[in-house]
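Have a look at the structure alongside them.

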Amino acid sequence: MDDLSNTVTAAGALQRHAATTLAEQLAAQFAGRIRNRLLPPGSRLPSVRDCAKRYGLSTQTVVAAYDRLQALGLVEARAQRGYFVRAVEDSPAQVRRGAQDAAAPMLAPTHATALVRGMFHQMGAGAAMALRGAPGSGVLPAAWLESAALGAALRRIARASELEQASLHYGHPGGDPALREALSRQLAGLALQVPPQQIVTTSGASQALDLVLRALTRPGDAVLVESPGWAMQFAQMAHHGLKLLPVPRGADGPDLDTLEQLARAHAPRLFICVSVLHNPTGQSLSAASAHRVLQLAQRHGFQVVEDDVYAALADANSPRMSVLDQLEHTIYLSGFSKILAPGWRVGFVAAAPGIVERLIDQKLLAVLTTPALTERALAHVLGQGQLRRTTQQVRDRLDAARARAVRLAEKARCRFVTPP
């Protein structure tokens with residue numbers, strides 16, 4: 001292990017102002033040594049924490065580099081043991097050098113939870129960090145978010161006669177009826193026509209995906225995922241024993257040729273994707289790509305699970321597959337952590353009636369019901385139009401912050417790969 005660590009460290013310093021990211025540079029260094037047999041098959045890579053310390057990087061950056069090596073078929077993750085160089089016979093047979101193999105399953109990162117643990121460590125490091133937002137946490141600065149409206153809504157519910165119904169009894173298994181009504185109206189604003197009975201509330205969008213996986217997959221099933229993507233989702237799916245099939249994500253959506261090839265070869269159950277403001281590229285799906293993905297879903301019999309957690313920050317008329325197909329071959333997920341209250345953990349799923357019943361069954365087994373008190377208060381906030389006002393304020397602040405960042409980048413002679 002010491003020899004391997006010294007070999008890796010001797011590769012040379014990473015360039016923090018280079019055209020490629022630190023994660024890409026680190027992955028390239030490892031890849032070069034693996035291909036040149038300086039790191040032989042079976043060698044264990046340094047742990048995420050050790051590698052981060054050795055290079056002076058964040059654990060998130062190392063996880064991203066190791067994810068890239070996995071996608072290239074050069075390393076594999078072994079549960080509770082770490083990352084290991086793959087043997088030649090285990091490497092993808094059809095891999096294009098430097099590109100992802102269309103037939104090789106993706107191995108979810110063993111240390112993905114380190115990324116989130118680090119996020120919570122940063123967020124708890126002090127009041128100043130909490131106020132300005134933890135870098136990479138996916139959470140806006142607390143000062144940007146609307147807390148007064150939530151507090152007022154809670155006080156209103158506490159004074160009203162509905163408090164007893166909301167707090168002293170189990171709520172409806174599908175979620176608070178008032179919130180589901182409000183969500184139905186909100187989705188209509190996106191041109192997604194969903195009656196309240198086809199909506200199930202959850203403890204955040206993460207639980208929404210978990211219920212979908214529990215209801216619609218079994219261990220060993222193949223699931224299509226976008227690459228790059230959110231490591232925690234990959235780990236969540238791996239926990240369910242699913243075989244992850246990576247589909248490269250481009251500027252206007254997934255690589256359609258790879259998607260079709262994987263669908264034909266592996267009969268996947270689901271395609272987990274982000275149509276609008278994709279994480280981490282920030283790109284949104286084109287209408288043409290959305291139409292083609294839906295055609296493939298219909299032809300090959302898989303459901304498209306559309307994660308729209310950034311819905312409030314995107315244009316209402318952005319192409320969404322759930323809108324085009326009206327939940328025939330799609331399942332829509334979203335929540336309010338990114339725009340309103342991360343700590344409230346309120347999310348939801350919208351799906352076809354038969355799928356909704358299966359989701360409710362899984363919700364009953366997992367948590368019985370979600371907290372009706374916070375859901376009722378959120379319904380009041382939505383009904384009063386306060387979310388629309390908060391969203392506009394946040395968008396204005398994001399526009400100003402983006403403009404400042406662009407000016408600083410251009411002053412430093414940086415070049416944008418895609419428009420900011």
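**Entry 1: helix 10 and helix 11**

I began with helix 10 (residues 204-216) and helix 11 (residues 231-239), whose axes come within 11 Å and cross at roughly 30°. My helices (H or I, at least four residues) and strands (E, at least two) are DSSP runs, numbered from the N terminus. Axes are lines fitted to C-alpha atoms, for helices over the stretch in contact, and angles run from 0 to 180 degrees between N-to-C directions.

Helix 10 and helix 11 are therefore roughly parallel to each other. For that label, angles under 35 degrees count as roughly parallel, over 145 as roughly antiparallel, 65 to 115 as roughly perpendicular and the rest as oblique. The crossing of helix 10 and helix 11 is right-handed; a crossing is left-handed if the near helix is turned anticlockwise from the far one by less than a right angle, and right-handed if clockwise.

Next I looked up who touches whom, with contact meaning heavy atoms within 4.5 Å. Helix 10 brings Ser-206, Leu-209, Asp-210 and Leu-213, and they meet Gln-233, Gln-236 and Met-237 of helix 11. By class, this contact of helix 10 with helix 11 has three nonpolar, three polar and one charged residues. Here Ala, Val, Leu, Ile, Met, Phe, Trp, Tyr, Cys and Pro count as nonpolar, Asp, Glu, Lys and Arg as charged, and the others, Gly among them, as polar.

A note on the source: this is a predicted model, where local features need pLDDT of at least 70 and side-chain atom pairs count only at pLDDT 80 or more, while totals for chains, interfaces and linings use all residues. Residues are numbered from 1 along each chain as its sequence is written, and side-chain values use heavy atoms, with hydrogens and water left out.

**Entry 2: helix 10 and helix 15**

I stayed with helix 10 and found that it packs against helix 15 (residues 353-367) at an angle of about 110°, with their axes 9 Å apart. Helix 10 and helix 15 are therefore roughly perpendicular to each other. On the helix 10 side I listed Gln-207, Leu-211, Val-212, Arg-214, Ala-215 and Leu-216, and on the helix 15 side Ile-355, Arg-358, Leu-359, Gln-362, Lys-363 and Val-367. The residues of the contact of helix 10 with helix 15 divide into seven nonpolar, two polar and three charged.

**Entry 3: the sheet**

In what order do the eight strands of the open sheet run? I read 3-10-9-8-7-4-5-6, with mixed pairing. Two strands pair if DSSP finds at least two bridges between them. Strand 3 (199-202) and strand 6 (253-254) are the edge strands, each pairing on one side only.

Strand 4 (residues 222-227) and strand 5 (residues 243-250) run parallel and are joined by six bridges. I found Glu-226 opposite Val-247 in strand 5. Helix 10 packs on the sheet, touching strand 3, strand 7 (270-273), strand 8 (303-307), strand 9 (330-335) and strand 10 (347-350), and its direction makes about 155° with that of strand 9.

**Entry 4: a hairpin**

Strand 1 (residues 75-78) and strand 2 (residues 82-85) run antiparallel, and four bridges join them. Ala-77 stands opposite Tyr-83 in strand 2, and the bridge partner of Arg-78 is Gly-82. The hairpin has three residues between the strands, and Gln-80 takes a positive phi near 65° there.

**Entry 5: helix 12 and helix 13**

Helix 12 (residues 256-266) packs with helix 13 (residues 287-300) at about 10°, their axes 11 Å apart. Helix 12 and helix 13 are therefore roughly parallel to each other. Leu-256, Leu-259, Glu-260, Ala-263 and Arg-264 in helix 12 meet Ser-289, Arg-292, Val-293, Leu-296, Arg-299 and His-300 in helix 13.

Most residues other than glycine have a negative phi, and most peptide bonds are trans. I noted a cis peptide bond joining Ser-227 and Pro-228, with omega about 5°; Pro-228 is in the loop between strand 4 and helix 11. Another cis peptide bond joins Asn-279 and Pro-280, with omega about 20°, and Pro-280 is in the loop between strand 7 and helix 13. Gln-326 has a positive phi near 50° and lies in the loop between helix 14 (321-325) and strand 9.
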